[in-house]
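Hello,

Here is the structure I promised to pass on. Have a look at it first, and my notes follow below.

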Amino acid sequence: MKRMHAAVLALTAAWAAASGGAALAADAKFEHLAVRVEQNATDGDFEIVFEATGGATGLANLKVTAPDGRTVLEFAAPNTKLGIRTIRLETPEPKSLAGLQADFPAGVYSFRASTVSGTAVSGTANLSHKLPGTATLIRPRADEGDVPISGLRMKWDAPKNLSSCLVTIEHDESGVKVAQAVLAGGARAYLVPDGVLLPGNRYKVSIGTVLVEGNASFVETAFTTAKK
């Protein structure tokens, strides 16, 4: 029995060596994978977001399979030597959450890719349909005017048991983000850095509530700063 076992090991090693060791080599792993639901509660729409980050060697392609076996995403970068390190893709934003859930069922999504050097990369990410409750902005109020450009402390209410809160302030006319912060789930205030707001300008503000699964709900409003 020992001689047979040794012979099998020898044959296996020889076969693996002849094939470049591919049969015994485990797939490389992604640095980051995610699939999640995001809700814009102000606009009343939803989307699915896919994210995949490889290693130092760029990805030449990516395929994602849903829990029901369907291929829901295929990406390729065929004519590049460097490949793509990070891929982020979003669905359209339908008003029907039920339709989105039917097209992208909850469960484990399988990610498979190849690097530009031919290395196989694989991993999984779980999609939950659970969405967090939304935040309620207290200050500044919706469409509030004469907001001071210095010392502005934003305040909001939000549900408990959040993973994080996301704050974004964007200049309305140019679309430029002037401030952005990822805060702890229990945060209910944010001091806007002095110098980022200009007098007499309109800004959009977004507060996102995020669950540990990564799913997020966003509310948006706007305010106008004092002219002087």
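A residue is called buried here when its relative accessible area is under 20%. Please keep in mind that this is a predicted model.

Let me start with threonine 209, which sits in strand E15 (residues 202–210). Its relative accessibility is 0%, so threonine 209 counts as buried. What does its side chain reach? The side chain of threonine 209 comes to 2.7 Å from the backbone oxygen of glycine 133. Leaving aside residues up to four places away in sequence, threonine 209 also touches a number of others, including Pro132, Thr134, Ala158, Leu162 and Ser217.

The other place to look is strand E3 (residues 45–53), where nine of the nine residues are buried. In a regular strand, side chains alternate between the two faces of the sheet. For E3, both faces are covered. On one side are Asp45, Glu47, Val49, Glu51 and Thr53, and on the other Phe46, Ile48, Phe50 and Ala52, all of them buried.

Which strands pair with E3? Strand E2 (residues 32–40) runs antiparallel to E3, joined by nine bridges, and strand E6 (residues 86–90) is also antiparallel to E3, with five bridges. Towards E6, glutamate 51 stands opposite arginine 88. E2 and E3 make a hairpin with four residues between them. In that turn, glycine 44 has a positive phi of about 75 degrees.

How values were computed. Residues are numbered from 1 along each chain as its sequence is written. This is a predicted model: local features need pLDDT of at least 70, side-chain atom pairs count only at pLDDT 80 or more; totals for chains, interfaces and linings use all residues. Side-chain values use heavy atoms; hydrogens and water are left out. Helices (H or I, at least four residues) and strands (E, at least two) are DSSP runs, numbered from the N terminus. Buried means under 20% relative accessible area, exposed over 50%, partly exposed in between (1.4 Å probe, protein chains only). A polar contact is a pair of N or O atoms within 3.5 Å; within protein, one must be able to donate a hydrogen and the other to accept it, and residues adjacent in sequence count only if both atoms are side-chain atoms. Contact means heavy atoms within 4.5 Å. Two strands pair if DSSP finds at least two bridges between them.
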